[in-house]
Amino acid sequence: MKRLVSFFISLCVAVMTVSAQEKKVFTLEDVIPGGSNYANLTPQNLPGLKWWGDVCMNAEVEAVKSIQPVTGKEQVVFTLEEVNEVLEAARVGKLRHLYNVTFPYADKQVLASTSTHRVLVDWEKKALVWSQPIAPHAANQDWNKDSRSLAYTIDNNLFVTTADGQTHQVTDEPKGIVCGQSVHRQEFGIYKGTFWSPKGNLLAFYRMDETMVTDYPQVNTSARVAALEADKYPMAGMTSHQVKVGVYNPATRQTVYLEAGDPTDRYFTNVSWTPDEAHLYVIELNRDQNHAQLVRYNATTGAKEATLYEEKHPKYVEPQHTLVFLPWDDSKFIYQSQRDGYNHLYLFDTKVNVPAARWQQSAASESSFIEHVQVTPLTSGNWLVQQIVGFCPSRKELLMGSTEVSPLQTSIYRLNLNTLKRTRIGEEDGTHRVQLSASGRYLIDNHTSFSVPRIISLLPTDGKKGRVIFTAADPLKEQYNLPEITLGTIKAADGVTDLYYRLIKPVNFDPTRKYPAVIYVYGGPHAQLIHNSRFYDARGWDLYMAQLGYVMLTIDSRGSDNRGLAFENCTFRQLGVEEMKDQVKGVEWLKSLPYVDGERIGVHGWSFGGFMTTNLMLTYNHLFKVGVAGGPVIDWAYYEVMYGERYMDTPQSNPQGYAGSNLKLKAGQLKGRLEIIIGGEDPTCVPQHSYAFLRACIDAGTHPDFFVYPEAGHNMVGTDRVHLHEHITRYFEDHLK
């Protein structure tokens, strides 16, 4: 009997071994975005899910299905063929798929855009309800569902087409002035340049004068004779652009500009309308970025009416969120701030003024603030609010995403605004991306984690049990032999702070071997490389390198995102210093592992990570043998005003800090093999960074390698992205292995 059991166990082990061996070896085409097989090996999704009132609509290629949140009953509502029959009969174009349709109204109308028109189709009557022409070359399109007016830009001017099809040219500015587009290089949460009032009767917009900004001479080499394509690029400490906020009235065709005074050396962000369309709020930030003011303007006259709130910090204040008014009380709105050390929510009551308001010092951070109206903190703690999802007005509740469970994930909570009680919705584990129904009673919850490829559920926001409508497998995990990935913490260089790391062991790991190791690094603000998501956010290239026999390590050092203000701003005026110390702690930990060859450690990163890679190769040249730096910052004096001055101040006011992070001055310290890779027309880290570093290395007698993607920007996309990672891999294979 014992022999039989032993034979059975041996047989099972053999079957499992054969099964593991049968799993395939993946290529970069399988795991890099843009690769020929990449899309086939990622967990499936339902990208067309959206709400029509409280009914979930699944927009697919050929049809739209309704899904009842309580019963889960599915029903085809209309098909692509039916919609296209209506559109072609009306001669307004046709659709290739239904993914992008929306349902803006309570009646049975679907909104869609063809190449020539924006249309509303009644899917029950199968009739065209309304159409609006879209001008050729219209960019930055911004449509309001109440007025049905469309704002857009052509070149650098702003236009509006009203619901009846009439087109108004709002601005007629000369070259060098940009209207209706994002400003301040998309810092401070800015991602667009037009802002419709709630009912669509008025349009606020940015006007940016760049005539005083220095041209950066980008060169396009694709033509027989290379052509100059200049970027307006204000470098740290130099003259920046000037911005105004205008308000256009389509009914009168008149524009007024907010009377904000001289716009020189100020930033205007988080433009917010009051629900009655009478007022406009703007957060104004000084160029030093250490003093923010919330200012209210009259939307009709442009007159400045009041300053409701001010906030200061000796390092920087960084407003990133628009105001969110309570649906049941137009006099109250929610403001987001890091004044207490983490991004939290504060309720402002505009009806209750604070007489003789005084500056107050935050008990939890270096921030100070003054409140001219009554302010009530809604959330607090050593975690941060990541997003406001929306409201459930019937229960006076706010829905939000936060890091309260862990800084590695987004969890969803409902917050009762009367009691301030928070209740988590959905599973604790993993990352949740949600959409709220019109009434606030239901959520579409797209849930992923390290162990969950994807589960999509319809969840009641009152805490009752939800309904799973979609579950995805991970074809890469099922079909391919993947490495072991683990998550843990090490202490930062300060000896106190816990830092998260992700460690990937080589495929078919042998603990008796000595493997080379590569650190993939970013380390800068507004980025976090490790989440509780698929592979703990490891990229396909990390997995591929593990397949080739490398240990891969990533650490989210101090200076990175989602850990609070002090965690991020400890790098102020000395970018790279504290971040590198933390990465070195990672190297020390790597070298303590018996299977890591401490003499073969490499580093790779892009953008801020390219800066870190280059800096580590120069500053800690005894630790790193090989580095590949993509799109690196070399000298922060060459970087743009808004981001650069927030974290470094100006070169004039912080010469020591700029010198300490100027990698040209360290060019002679290069010992290992370093390759720099850039896009030939990078508008973010302009090519001058890398060219100047090459010159400094030539002068110092050191020898980095260099590769350029002609006409590419800051990142490579499509097939270029696969080529890029082939190139990076070859460099490590040639010089580290």
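## Helix H11

In this predicted model, the buried residues of helix H11 are His-689, Ser-690, Ala-692, Phe-693, Leu-694, Ala-696 and Cys-697. An α-helix has 3.6 residues a turn, so residues three or four places apart point the same way. The cover over the buried residues of H11 includes helix H8 (608–619), strand S43 (673–679) and strand S44 (705–709).

H11 itself spans residues 688–700, a run of 13 residues. From its first C-alpha to its last it reaches 18 Å, close to the 18 Å expected at 1.5 Å a residue. Just after the helix, Gly-701 adopts a positive phi of about 80°.

## Helix H9

How many of the eight residues of helix H9 (residues 641–648) are buried? Eight of the eight are, so H9 is largely enclosed by the rest of the structure. These residues are Val-641, Met-642, Tyr-643, Gly-644, Glu-645, Arg-646, Tyr-647 and Met-648. Among the elements that cover them are strand S19 (266–273), helix H6 (565–569), H8 and helix H10 (655–660).

At the start of H9, the backbone nitrogen of Met-642 has a side-chain oxygen of Glu-640 within 2.6 Å. Following the helix is Asp-649, with a positive phi near 60°.

## Asp-474

Asp-474 is located in the loop between strand S36 (467–472) and helix H4 (475–479). With a relative accessible area of 3%, Asp-474 falls under the 20% limit and is therefore buried.

A polar atom of the Asp-474 side chain lies 3.0 Å from the backbone nitrogen of Leu-476. Leaving aside residues up to four places away in sequence, Asp-474 touches Leu-41, Pro-43, Pro-453, Arg-534 and Phe-535.

Terms used. Residues numbered from 1 in each chain as written. Predicted model: local features only at pLDDT ≥ 70, side-chain atom pairs only at ≥ 80, totals over all residues. Heavy atoms only, no water. Helix = DSSP H or I, 4+ residues; strand = E, 2+ residues; numbered from the N terminus. Expected span 1.5 Å × (residues − 1). Buried < 20%, exposed > 50% of the residue type's maximum accessible area, 1.4 Å probe, protein only. Contact = heavy atoms within 4.5 Å. Polar contact = N/O pair within 3.5 Å; in protein donor to acceptor, adjacent residues only side chain to side chain.
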